[in-house]
Amino acid sequence: MIPVVDGHNDLAWARRERFGYTTDGLDAVVPGLHTDLPRLAAGGVGGQFWSVWVDPVLPGAEQVTATLEQIDFVHRFVAAYPDRLRLARTAEDVRACIREGRIASLIGVEGGAQIDGSLAVLRQYARLGARYLTLTWSRTIDWADSATDDARHGGLTAFGRDVVRELNRIGVLVDLAHVSPQTMRDALEVSTRPVIVSHSAAYALCPHPRNVPDDVLRTIGAQNGVVMVAFVPSFLSPARHAWVQAGEQGVAPPVGIADLADHIEHVKDVAGVHAVGLGADYDGTDAMPSGLEDVSRYQDLFSELRRRGWSESDLQSLAHGNVLRVLEASDADHLAFLAGTAAPPAPAAVGPAVDAADRAIAAASEPPRVLIVVNAATSGPRRLGAWLAEEDVVTDEVLGEQGLPQSLDGYAGLVMLGGGLMPDDDDRAPWLAQERALAQAAIDADLPTLGICLGGQLLAHVAGGDVRAKFGPRERGATLITPSDAGRADPLASALGEGAPMIENHQDMIAALPPAAILLASSAAVANQAFRLGERVYGVQFHPEVGAEDLLRWTEPVTPVPGDRPVAELIAEARRVDEENTRSARALVAGFADHVRSFAAARRQA
């Protein structure tokens with residue numbers, strides 16, 4: 001059996017997503033995964049680069065945290081099965097593991113975003129065992145263009161070139177999987193050590209953006225690097241790639257061992273037999289070619305290549321010899337780095353990635369943030385979110401049932417929306433307890449707050465008002481909201497002028513305002529339409545969120561009450577006043593944004 005050293009396996013993330021990072025049970029076949037110890041042994045795997053990948057939904061420093069969790073999984077995995085696995089750094093470590101019958105476990109970091117712009121972070125990954133860095137994943141980052149995203153830099157930036165130089169200095173391999181062709185060319189121009197492509201295929205056979213064009217294949221071969229061919233079906237077959245792009249409708253075009261062998265032979269023909277390897281991407285993609293369904297099937301691939309005339313020597317090179325030669329070319333650099341005897345880093349490699357003084361200056365100019373609490377998925381912000389964005393206010397929308405923040409730290413404002421609930425409807429909406437806590441915190445801090453419908457009722461409830469146990473009068477349609485004397489002088493309620501139509505669909509809940517509240521506006525049927533607590537906390541029972549077109553979703557009442565009118569009549573009336581409604585609602589939101597900005601500015605100066 002020919003020992004395999006594979007360039008890329010995503011078991012670490014698969015175990016995070018499905019098993020909470022546990023290592024239990026990997027000594028038996030694990031249904032639903034491509035990888036476990038029995039099948040690794042059956043496939044002849046003698047060495048594996050375990051990919052430590054992080055979903056780019058995690059920003060900045062969270063990428064670093066998740067990368068460290070991934071590295072921790074690899075270390076714990078090895079420690080859990082010491083008779084089957086061993087951590088490896090160098091080519092000689094790998095060869096020793098193969099002689100001992102253990103699987104050499106190496107680490108590759110799959111994405112330059114995971115260093116968060118810091119070469120010190122890169123060095124820490126290297127100290128923990130990382131031996132390659134993929135310059136990007138599927139998104140373009142601040143210093144390198146990805147193959148599957150817009151090119152913003154024309155390849156590598158100056159910092160990106162510094163990254164390549166530092167990788168060479170500390171003996172971590174430059175991985176060109178996922179990057180754009182120009183990023184590949186730039187890295188090959190800068191690197192003084194052989195590079196790898198950990199899991200891609202040949203663009204000439206399948207024009208997938210993740211594949212490597214022939215000119216790059218030739219350069220990698222000329223510079224003694226290695227292209228480790230991925231088994232991903234859409235990388236291998238133009239028909240499969242087209243099927244994926246079209247939305248995966250119908251039966252998937254078949255892909256088999258022969259398609260993979262074609263790509264391997266193409267890389268061999270263009271780059272040289274010394275420059276081809278294997279980087280399957282098991283557990284990093286859902287489907288694999290027929291006959292290569294999991295990590296037990298590598299030897300079947302070798303049988304296909306023997307049938308095509310490959311020699312045993314060439315198969316050994318493909319399976320492990322080429323990648324170990326490339327690894328070995330940087331081993332001395334890596335060991336010197338670990339020993340502290342490497343050449344010192346360039347000044348650019350040791351400067352702080354995060355400058356406290358610069359961050360303080362930047363914070364002063366950052367737009368303020370507002371938390372928007374959504375109590376029903378169908379009652380999220382419509383106009384309000386867009387209007388706040390126009391006012392240069394950033395919003396974070398949180399659906400209550402998914403959990404609310406424990407505090408308002410970092411926010412310069414709070415918006416609480418409606419949702420067809422009572423203010424103390426905890427049985428149906430258990431998150432309301434936390435929403436009431438946030439409302440109280442906002443009142444205590446006089447944080448700019450806009451409680452709309454249920455949100456306004458919650459404010460009245462926690463501040464000591466009389467909130468009904470049952471619905472009060474109903475208003476449905478275009479309702480004239482008239483400000484009080486205090487409202488006409490108020491920064492927000494003055495947006496109503498002498499009275500403005502608000503389009504609403506609710507039943508009154510506030511029987512009496514809190515003692516400290518100031519009444520700002522009323523309507524014919526509802527006395528307490530708008531109020532203020534302190535200087536910046538506002539509750540309204542009407543809906544500045546709603547315009548005439550929103551009424552198209554309305555239905556006739558299930559339980560009509562006296563005075564209900566047909567929806568068609570309400571829509572026609574709302575359309576007649578929509579322009580005035582929108583103007584007044586927009587001005588009210590602008591007044592709220594003014595409060596948010598002034599609060600944020602005062603907090604920065606404090």
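Me: Which residues do ring pairs link into a cluster?
Reply: The model is predicted. A search of the whole structure finds 11 aromatic pairs. Ring pairs join five names into a cluster: Tyr 21, Trp 50, Phe 73, Phe 77 and Tyr 81.

Me: Are the planes of Phe 77 and Tyr 81 stacked or edge-to-face?
Reply: The ring centres of Phe 77 and Tyr 81 are 5.9 Å apart, and a pair needs centres within 6.5 Å. Planes over 60 degrees apart count as edge-to-face. The planes of Phe 77 and Tyr 81 stand at 80°, so this pair is edge-to-face.

Me: Is Tyr 81 buried or exposed?
Reply: Buried means under 20% relative accessible area. Phe 77, its ring partner, has 1% and is buried. Tyr 81 has a relative accessible area of 9%, so Tyr 81 is buried.

Me: Over which ring does the charged end of Arg 15 sit?
Reply: For an Arg, the CZ atom has to be within 6 Å of the ring centre. The charged end of Arg 15 lies 4.0 Å from the centre of the ring in question, that of Phe 19.

Me: Which element gives the most to the lining of the second largest pocket?
Reply: The second largest pocket holds about 750 Å³ of space. Among its 35 lining residues, Val 232, Asp 281, Gly 284, Thr 285 and Asp 286 are the closest to the centre. Helices H1 (11–19), H9 (233–236) and H10 (238–245) each give two or more residues to this lining. With five residues, the element that gives the most is H10.

Definitions and conventions: Residues numbered from 1 in each chain as written. Predicted model: local features only at pLDDT ≥ 70, side-chain atom pairs only at ≥ 80, totals over all residues. Heavy atoms only, no water. 1 Å grid on protein atoms, 1.4 Å probe; cavity = no way out; pocket = protein on both sides within 12 Å on 5 of 7 lines; lining within 4 Å. Points joined across faces, edges and corners; volume = space filled by probe spheres on them. Helix = DSSP H or I, 4+ residues; strand = E, 2+ residues; numbered from the N terminus. Phe/Tyr/Trp six-rings, centres within 6.5 Å; stacked < 30°, edge-to-face > 60°. Buried < 20%, exposed > 50% of the residue type's maximum accessible area, 1.4 Å probe, protein only. Lys NZ or Arg CZ within 6 Å of the ring centre and 35° of its normal.
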